[in-house]
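Let's take a friendly walk through this structure together. Have the sequence and the 3D view ready as you read.

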Amino acid sequence: MRSAALRALGEIDLGNAVRTQKEQASHLLPLIVAQLHDADPIRRREAASLIGWLGAAALPATADLLLHVDDTDPEVRVGAVHALGVIGAREERVVHAIARQLTEPDLKMRRVAARVLATFG
């Protein structure tokens, strides 16, 4: 049942809904977070991006984003770290998770992690 619901969500253009009505889009956060846990890395990437787009309204998604800082897909990892920075998740566990990314071999990840940490002050 859940997988059928998630497939149906794939038919909904959540990205367009969030980007065109950002102020009203925070009610979509549970749907976006569900896509963050999808098996398809493209959906996970888009979900991380949309969570970041919501800004501080997406703070409740912090724990879900933290799970994807170590995702198997490098672009999902980058998106999760970026989103954590954009939403302003500055908890100690977030800072530690992002700081770990400074030792990643992926240059893009290291750059994003460094930028996010710099915004934290």
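A polar atom of the D38 side chain lies 2.7 Å from the backbone nitrogen of D40, a polar contact in the sense of a pair of N or O atoms within 3.5 Å, where within protein one must be able to donate a hydrogen and the other to accept it, and residues adjacent in sequence count only if both atoms are side-chain atoms. You will find D38 in the loop between α3 (29–36) and α4 (41–54). D38 is buried, at a relative accessible area of 13%; buried means under 20%, exposed over 50%, and partly exposed in between, using a 1.4 Å probe and protein chains only.

This is a predicted model, in which local features need pLDDT of at least 70 and side-chain atom pairs count only at pLDDT 80 or more, while totals for chains, interfaces and linings use all residues. Residues are numbered from 1 along each chain as its sequence is written, and side-chain values use heavy atoms, leaving out hydrogens and water.

Now step back to the whole chain. It has eight helices and zero strands, taken as DSSP runs numbered from the N terminus (helices are H or I, at least four residues; strands are E, at least two). Of its 121 residues, 44% are buried.

Next, look at V94, which sits in helix α7 (residues 92–100). V94 is buried, with a relative accessible area of 0%. Leaving aside residues up to four places away in sequence, V94 touches T62, L66, L84, A89 and F120, where contact means heavy atoms within 4.5 Å. From V94 to L66 is 28 residues in sequence, and 7.0 Å in space from C-alpha to C-alpha.
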